[in-house]
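Here is a short report on a protein model and its ligands. Keep the structure open as you read.

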Amino acid sequence: MKILGIESSCDETAASVVEDGNRVLSNVVNSQIDIHAAYGGVIPEIAARSHIEVVLPVINQALKDAGCTLDQSQPNKIDAIAVTHTPGLVGSLLVGTLTARTMVVINNVPFYPTHHLKSHIYANWLTGYNPTFPILALVVSGGHTQIIYMERHDDFHIIGSTRDDAIGEVFDKVAKILGLLYPGGPNIAKKALNGDPDKYQLPIPKVDGLDFSFSGLKTAVLRAIQKELGLPITTPSYELKEKLTEQQICDFAASFQKTAVKILVQKLQKACSMYPEAKSILLAGGVSANLALREGLTKAFEKSHEVYFPDLKFATDNGAMVASAAYYSIQAGEKASDPYSLDISPRSVIK
Ligand code: KG4
Ligand code: ZN
C-alpha cells in the first residue's frame, strides 16, 4: 500500500510516498530554517506564507520521485493520502490540510488525517525498527515535549506534557542568549563538546507527575549568565552574548544540555516506574538528534528496556513519518475520514 504523507505543521513543507509503512519511495523536505534564522525563531505568519508557495511543488516532486500518480485509474496510483492535522501552527496546518483535502476530493483517494506526535514516533519504524509493545515514547521537538504510552499500533495516550516551553524551544532560546544561530539545538550541542557540563549548576524543576516545565530552566540560564558577568538581573538578554568569552559560551551550553538531558531522563524513569509493563523506550522529534540525550537514555535504560532512536534524516519534520503513522493506523483498523468534515487543531487532539 502506497501512502502520500504531507507535513506542514511548523516550518517544514514536506511530502513523501511510503510503501507498507517503512519503504520510503520519495522524501522531499523544504525547510524554512534560512527564512526564520534572521528572527531567531519561527514566525507563524511567514511560515504559513512560505508553505503556500512551495506545497504544490513539494508534493509533485514527491510523487514524481516515487513514480506515482494521484490518478486512481492508473496502476502506479497512490492508495491513500495522509496529512498532519494536529497539533501545530494554525496557518501552517491549514495549508497542508486544505491542499490534501482538495487532492482527496478531486481524485477520490482515501484520506487519513494524522497526529504529528504519532508521526514523529513512527520515524522509528521508518528507520527499520520493530519495537516491542508496550512502548514509552519521548517526543522532543521545537513545539512539543511529551511522554506517550502505546500498548499497540494506533493506541496512543499522552501521559506527560510540558506545561510551558517545549524542550527544543528552550534549546533555541538559550542558544539565542548565547549568540548562537537558529535552530539553536545543534549549535548548543556543538559548543557543548568543548564545554564543562559541571561548571554551572542549574536547577531541576519540581513538577508533579509526568509533566515537564522548562521556562524556569531558561530563566536560570539567563540569571547564571548575568551573575557570571557580574551584571544586574535587569540587563537585557540580547546584551549578554558579546560579553561572553568563547569558553563561557561552551561551558553554559554544556551545563544547560546536561541539565536538560537529566530532566528528560528522570521523567522517563518515573514513567517506567508507573508503567512497569513497558518493554521499549523510543525517542522521537527534532531534539532526538541530540547525542548527549541519546547517550543519557542508553545509559539509563539499556539494561531494562529495548531503546530506539530514529535515523537522523527522519528525526526532524518530514512527510514519510506521516505516511508511516497512517499505514499502521490503517492496519489497526482505522477508517478513512471524510475530507469535508476535517478540522485542524493547533493543540494536541487525539481522534
Ligand atoms: O521536530 P522538529 O523538526 O520540529 C518540530 O516539530 O518542532 O524539531 C525542531 C527542534 C528545534 O528546536 C531544534 O533546535 C531541535 O529540534 N534540534 C536539536 C538538535 N537538532 C535539532 N536540539 C538539540 N540537539 C540537537 N542536535
Ligand atoms: Zn515535529
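## Contacts of ligand 1

How far is an oxygen atom of ligand 1 from a polar backbone atom of Gly185? The distance is 3.0 Å. That is a polar contact, meaning a pair of N or O atoms within 3.5 Å; within protein, one must be able to donate a hydrogen and the other to accept it, and residues adjacent in sequence count only if both atoms are side-chain atoms. Gly286 places a backbone N or O atom 2.9 Å from an oxygen atom of ligand 1. Asp317 uses its side chain: one of its N or O atoms is 3.2 Å from a ligand 1 oxygen. On its own, ligand 1 has 550 Å² of accessible area, and the protein covers 91% of that. Areas come from the Shrake-Rupley method with a 1.4 Å probe.

## Basis of the model

The model is predicted: local features need pLDDT of at least 70, side-chain atom pairs count only at pLDDT 80 or more, and totals for chains, interfaces and linings use all residues. Residues are numbered from 1 along each chain as its sequence is written, chains are lettered from A and ligands numbered from 1 in the order written, and side-chain values use heavy atoms, with hydrogens and water left out.

## Shell around ligand 1

The shell holds 19 residues, each with a heavy atom within 4 Å. Among the closest are Gly142, Asp172 and Asn290. By class, five are nonpolar, twelve polar and two charged. Here Ala, Val, Leu, Ile, Met, Phe, Trp, Tyr, Cys and Pro count as nonpolar, Asp, Glu, Lys and Arg as charged, and the others, Gly among them, as polar.

## Zinc site

His116 (NE2), His120 (NE2) and Asp317 (OD) coordinate the zinc ion (ligand 2) at 2.0 to 2.1 Å. Donors are N, O and S atoms within 2.8 Å of the metal (3.2 Å for Na, K and Ca); water is not among the atoms, so sites may look incomplete. The donor residues follow the spacing H-x3-H-x196-D. His120 in helix 4 and Asp317, in the loop between helix 10 (312–315) and helix 11 (320–331), are 197 residues apart. Helices are DSSP runs (H or I, at least four residues), as are strands (E, at least two), numbered from the N terminus. Both His120 and Asp317 are buried, that is, under 20% relative accessible area (1.4 Å probe, protein chains only).

## A buried glutamine

Gln32 sits in the loop between strand 3 (23–31) and helix 1 (33–37). Gln32 counts as buried because its relative accessibility is 0%. Its side chain makes a polar contact of 3.3 Å with that of Ser50.

Notes
Buried means under 20% relative accessible area, exposed over 50%, partly exposed in between (1.4 Å probe, protein chains only).
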